[in-house]
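Biologist: I'm new to this one. Could you pick a single part and walk me through what surrounds it?

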Amino acid sequence: MVTWMKEQDNIDVHFGFDVGMGYFLIVYDMRLAAYIPDGTEFDDVRYAVSADGTGAYFTAYTGTHRQGQRVSVDTMRKLWRAYGVYKEGMRGLVMSHLENIHGIEDRM
């Protein structure tokens, strides 16, 4: 797995490449993370957004992972751009010698 993280105020964006997930993007809202569950209705809301309490409210992937939303490589490229991580991701994949996996040089 090759993964990076970009913090944007209370939002953490994790992105990269994994054999099972393919290219991926996971968006966390740290205000919703249940570090110390307090048993209140607010906890119910946090766990409804993210079953594991991490605050992850959006997961997209191109592989076979089956957790989150499976998308095409073209859509992932748009998501990486929308969340401002496209350049960092591409630079990181090239440095990790993964730029040719699944034709990333042509399709991402």
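**A close look at threonine 54**

Modeller: Let's start with the side chain of threonine 54, which reaches the backbone nitrogen of alanine 56 at 3.3 Å. That's a polar contact, meaning a pair of N or O atoms within 3.5 Å; within protein, one must be able to donate a hydrogen and the other to accept it, and residues adjacent in sequence count only if both atoms are side-chain atoms. Another polar contact, of 2.8 Å, links the side chains of threonine 54 and aspartate 52.

A word on the ground rules: this is a predicted model, where local features need pLDDT of at least 70, side-chain atom pairs count only at pLDDT 80 or more, and totals for chains, interfaces and linings use all residues. Residues are numbered from 1 along each chain as its sequence is written, and side-chain values use heavy atoms, with hydrogens and water left out.

So where does threonine 54 sit? You'll find threonine 54 in the loop between α1 and β4; helices (H or I, at least four residues) and strands (E, at least two) are DSSP runs, numbered from the N terminus. Threonine 54 counts as partly exposed because its relative accessibility is 28%, with buried meaning under 20% relative accessible area, exposed over 50%, and partly exposed in between (1.4 Å probe, protein chains only).

Now look further along the chain. Leaving aside neighbours within four places in sequence, threonine 54 is in contact (heavy atoms within 4.5 Å) with Tyr28, Met30 and Ala33. Tyrosine 35 is 19 residues away from threonine 54 in sequence, yet their C-alphas are 7.8 Å apart in space.
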